[in-house]
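Here's a quick briefing to read alongside the coordinates.

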Amino acid sequence: MRRIMIITLALALGALAFAQRAGDAVPEFTLVDAHGEVVRPQEYLGAPLLINFWATWCGPCKEELPLFQEAYEETDQLQMLLINLGEDRDVAQNYLDEQQVTLRTAVDPYAGVGADAEETGAVARRYRVLGLPTTVFVDADGVIRDVRIGQVLPNQLADGLAKIDVVWRP
């Protein structure tokens with residue numbers, strides 16, 4: 001029994017070791033946004049960037065989207081990119097439109113759904129997304145400064161933004 005617990009703990013900690021960490025360079029990718037425009041992280045260099053991996057079926061993802069919208073509207077230097085996992089671009093964009101979320105979104109496709117630029121699920125694998133939602137805070141030089149797995153609360157968003165030199169208070 002003890003051996004099984006040790007193996008289970010080692011596997012869990014091993015998975016965390018593969019997640020993106022502060023200090024890592026932002027992984028490159030090519031996706032297509034909801035308007036058919038190509039999206040690459042290098043186009044965001046020079047300004048702080050928040051990348052959020054989400055899906056319309058994910059309750060915590062949906063709860064944090066208005067918070068991201070609020071922070072985006074209240075800061076002038078912050079850029080945001082939502083990356084929807086595995087849903088059709090129209091499904092993702094229609095949901096955002098219904099919720100009055102105007103943030104740019106692209107889809108990391110699964111099972112051939114919307115596969116335009118990257119192979120299936122490639123961006124989530126490149127960013128080592130372990131669960132949804134996952135939020136990545138990238139500084140103006142393209143370096144990851146913080147990664148949050150799970151729903152981001154207002155104070156956590158303020159703390160993450162501070163790490164990429166964005167001042168915002170809920």
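This is a predicted model, and its mean pLDDT is 86. Of the protein's residues, 82% reach a pLDDT of 70 or more. Two stretches fall below 50: residues 1–17 and residues 111–118.

- Residues 1–17 have 2 contacts in the model, leaving out near neighbours in sequence.
- For residues 111–118, that count of contacts beyond near neighbours in sequence is 18.

**The sheet**
- Five strands make up an open sheet, in the order β5-β4-β3-β6-β7, and the pairing is mixed.
- The edge positions go to β5 (104–108) and β7, and each has a single partner strand, so one side of each has no neighbour in the sheet.
- From one strand to the next, the twist averages 20°.
- β4 and β5 run parallel and are joined by 5 bridges.
- Across from leucine 81 you'll find arginine 104, in β5.

**Helices on the sheet**
- α2 packs on the sheet and touches β3, β4 and β6. Its direction makes about 160° with that of β3.
- α5 lies across β3, β6 and β7, and runs at about 160° to β7.
- Which residues of α5 (residues 154–162) are buried? They are Leu157, Ala158, Gly160 and Leu161.
- Looking down the axis of α5, those buried residues fall within an arc of 165°, so they line one face of the helix.
- The cover over the buried residues of α5 includes β3 (49–54), α2 (59–74), β6 and β7.

**Nonpolar cores**
- The largest nonpolar core has 26 residues. Those with the most contacts inside it are Leu50, Trp54, Leu65, Phe68, Leu157 and Leu161.
- Two or more residues of this core come from each of β3, α2, β4 (79–85), α3 (89–98) and α5.
- α2 gives the largest share of the core, 5 residues.
- Apart from this core lies another one, of 19 residues, including Phe53, Ile83, Ala124 and Tyr127.

**Leucine 50 and phenylalanine 68**
- Setting aside neighbours within four places in sequence, leucine 50 is in contact with Phe68, Leu78, Gln79, Met80, Leu81, Thr135, Val136, Phe137, Leu157 and Leu161.
- Phenylalanine 68 sits in helix α2. It's buried, with a relative accessible area of 0%.
- With neighbours within four places in sequence again left out, the contacts of phenylalanine 68 are Leu50, Asn52, Met80, Leu103, Thr135, Val152 and Leu157.
- Between phenylalanine 68 and methionine 80 there are 8.2 Å, C-alpha to C-alpha, and the two are 12 residues apart in sequence.

**Aspartate 139**
- Where is aspartate 139? It's in the loop between β6 (134–138) and β7 (144–149).
- Aspartate 139 counts as buried because its relative accessibility is 10%, and the cut-off for buried is under 20%.
- Beyond neighbours within four places in sequence, aspartate 139 is in contact with Ala47, Pro48, Arg145 and Ile164.

How values were computed:
Residues numbered from 1 in each chain as written. Predicted model: local features only at pLDDT ≥ 70, side-chain atom pairs only at ≥ 80, totals over all residues. Heavy atoms only, no water. Helix = DSSP H or I, 4+ residues; strand = E, 2+ residues; numbered from the N terminus. Buried < 20%, exposed > 50% of the residue type's maximum accessible area, 1.4 Å probe, protein only. Contact = heavy atoms within 4.5 Å. Arc of directions from axis to C-beta. Core = buried A, V, L, I, M, F, W, Y, C linked by side-chain atoms within 4.5 Å. Pairing = 2+ DSSP bridges. Axes fitted to C-alpha atoms, helices over the stretch in contact; angles between N-to-C directions. pLDDT = per-residue confidence, 0-100.
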